[in-house]
Amino acid sequence: MTNSIEIPKDGLAGLKQNWKSDIVSGFILFLIALPLCLGIALASGVPPMAGIISAIVGGILVSQISGSFVTVNGPAAGLIVVVLSSVERLGGGGAGYHSTLAAITISGAILCVLGLCKAGKLGDFFPASVVHGMLAAIGVIIMAKQLPFVLGVKPPASEPLQLIADIPTMVGSLNPEIALIGLLSLVIMISHARMRNKIIKRIPAPIIVVVVAIALGSYFDLRDPHTDVIGHRTIYIDPKFLVSVPLHFLDGIKSPDYRQIASYQFWLSVFSITLVQGIESLLSCAAVDKLDPFKRNSNLSRDLAAVGFGSVLSGLIGGLPMIAEIVRSTANVANNARTRWSNFFHGFFMLVFVLTAATLINRIPLASLAALLVFTGYRLGSPKVFKETHEIGVDQTIIFLATLVGTLVTDLLIGVSIGIGTKLAIHLLKGAPISRLFTATVIVSTENENAYIVIIKDAAIFSNYLSLKIKLLEIPPRMHLTLDLSSAKLVDHTVMEHLHNFGENYSREGGQFTIIGLENHQSASAHPLAARRLC
């Protein structure tokens, strides 16, 4: 039973109790995070040190003030698209980078205020299919923009759809030596994910990629400018194909430039970063809670405030925004982390390595980092994601594709708006009353002192779930709670998913949660959490 497990202590007592397991997990996280932080920064159009700074601040500082226990804070692939767009929008190059740092600090301040205002619950508002569509679009964009670096060619375009169309041209003009490093790195990532050998699986795939890539980079002598003749082609090789970080850490500290603060482009950057950072942090934090063997519930609002505060500090000294990152957090749990100190040690090891081994970082080929991101992008937008969405129902597929295509054709904010608008339109077509779009009709009654019945009428959909959740949270724990949906004309997938999660948490705390009244509803698919419509 979960309740019989001793919950690890927090604070310094937790460090004393669990330092052995947390320091081991922190070191493994550092090995995983180092190449990813470098790659995310480069893909975002900023100096590689920006990713390192974000991980250090996220690990050493944010870990100690966050509302979560085993999540890992730092830069994430999901933020690449909005940061890169910001850099390009605000002037490109160094000017765009410094202006984006200003946008990051203001975005972080907004998140911090939202967290202090208990806005963690806003994560429940965004429909699951819209979020998945947004992440899939981000994955496609990452793959399209990183493929030229894997092949060692100059990007022929800036728009992702045009880059996809230009793939044959890029393949035809690839740099054989750089492409070998990039494609071999990609093969290693794919093979490692499918590997069953337990010994090899314990070695983080990014570290294998970096070690092999450094060895190949040395063999091809990437550090010294030269030319190679392969067939009828002359191939130019120089250090531009390698990572470049300052040998002295303080040289990597940069300051934000607020001169564009009055422009529309600046605030578009601020809101884009805030949206993705907020959504991903809340979703990742909630997801990691399900993986926590001790079943602890994070304070999402506090975590949001901590991530925002960390991003302010990160942006002030030249770093990327950060989130509660799901992949590294999953690895943290898998490596037996018990408290937030594992996140701290991950940031500490990162700082020590950068202070003592910057020359080694500068031997990493960019193609290997691009390959890591192509693999990450594929996982965000893989066919499996499409398949799982379609299994929930055709309406979810429509919403997913509307968000995906809308984001690819326009930008992230418009794409998400298109997805939400599509979902609202589908709900109206299925009979959801306009008057109930943002407020659910909820009736709470008691059978006896230990039993509550909650009746939902009209519609239970993503946009009015917050009003329902407020009523559910008012009910004391350890009761017999029955949710009656027999009078609800429509119950969407997002609400079904939220109710499922709420029921698990309520039961874990000693209560009994039951849903009734769905026998007369038609399900959108065979999926247990598919949308329901009253016949």
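**Close-up 1. Thr376 sits in helix 16.** Setting aside neighbours within four places in sequence, Thr376 is in contact with Leu36 and Ala77, where contact means heavy atoms within 4.5 Å. Keep in mind that this is a predicted model, in which local features need pLDDT of at least 70, side-chain atom pairs count only at pLDDT 80 or more, and totals for chains, interfaces and linings use all residues. Residues are numbered from 1 along each chain as its sequence is written, and side-chain values use heavy atoms, with hydrogens and water left out.

**Close-up 2. Helix 16 (residues 366-380) is mostly covered.** Helices (H or I, at least four residues) and strands (E, at least two) are DSSP runs, numbered from the N terminus. Helix 16 has 15 residues and runs 21 Å from its first C-alpha to its last, close to the 21 Å expected at 1.5 Å a residue; the expected span is 1.5 Å times one less than the number of residues. Of those 15 residues, 11 are buried, among them Leu369, Leu372, Val374, Phe375 and Gly377. And what lies over them? The cover includes helix 1 (11-43), helix 3 (80-89), helix 5 (128-151), helix 8 (176-194) and helix 10 (205-219).

**Close-up 3. Helix 5 meets helix 8 at a crossing of roughly 125°.** The two axes come within 6 Å; axes are lines fitted to C-alpha atoms, for helices over the stretch in contact, and angles run from 0 to 180 degrees between N-to-C directions. Helix 5 and helix 8 are therefore oblique to each other, as angles under 35 degrees count as roughly parallel, over 145 as roughly antiparallel, 65 to 115 as roughly perpendicular and the rest as oblique. On the helix 5 side, Phe149, Val150 and Leu151 make the contact, and helix 8 brings Ile178, Ala179, Gly182 and Leu183.

**Close-up 4. Helix 18 (residues 394-409) packs through its buried residues.** The buried set includes Asp395, Gln396, Phe400, Leu404 and Gly406. These buried residues pack against helix 5, helix 6 (160-165), helix 17 (383-392), helix 19 (412-429) and helix 21 (493-508).

**Close-up 5. Helix 2 (residues 49-65) bends by about 35° at Gly58.** The bend at a residue is the angle between axes fitted to the seven residues ending there and the seven starting there. Helix 2 still reaches 24 Å from first C-alpha to last over 17 residues, close to the expected 24 Å. Most of helix 2 is covered, with 13 of its 17 residues buried. Ile65, in helix 2, is partly exposed at a relative accessible area of 31%. Beyond neighbours within four places in sequence, Ile65 is in contact with Arg302, Ala306 and Phe309. Ser486 is another story: Ile65 and Ser486 are 421 residues apart in sequence and 44 Å apart in space, C-alpha to C-alpha.

**Close-up 6. Tyr219 and Phe220 form an aromatic pair.** Rings of Phe, Tyr and Trp (its six-membered ring) pair if their centres lie within 6.5 Å; planes under 30 degrees apart count as stacked, over 60 as edge-to-face and the rest as tilted. That rule gives 17 aromatic pairs. For Tyr219 and Phe220, the ring centres are 5.4 Å apart and the planes stand at 65°, so the pair is edge-to-face. Tyr219 counts as exposed at 67% relative accessibility, whereas Phe220 counts as buried at 13%. Elsewhere, Phe27, Phe30, Trp341, Phe344, Phe345, Phe348, Phe349 and Phe353 form one aromatic cluster.

**Close-up 7. Asp221 and Lys295 have positive phi values.** Asp221, not a glycine, has phi near 55° and is found in the loop between helix 10 and strand 2 (226-230). Lys295 also has a positive phi, about 55°, without being a glycine; its loop links helix 11 (264-291) and helix 12 (300-316). Asp221 is partly exposed at 32% relative accessible area, and Lys295 is partly exposed at 27%.

**Close-up 8. Ile515 lies in strand 9 (residues 512-516).** At 31% relative accessibility, Ile515 counts as partly exposed. Which residues does Ile515 touch, not counting those up to four places away in sequence? They are Leu483, Leu485 and Leu499. Gly503 is 12 residues from Ile515 in sequence and 9.0 Å away in space, C-alpha to C-alpha.

Definitions and conventions:
Buried means under 20% relative accessible area, exposed over 50%, partly exposed in between (1.4 Å probe, protein chains only).
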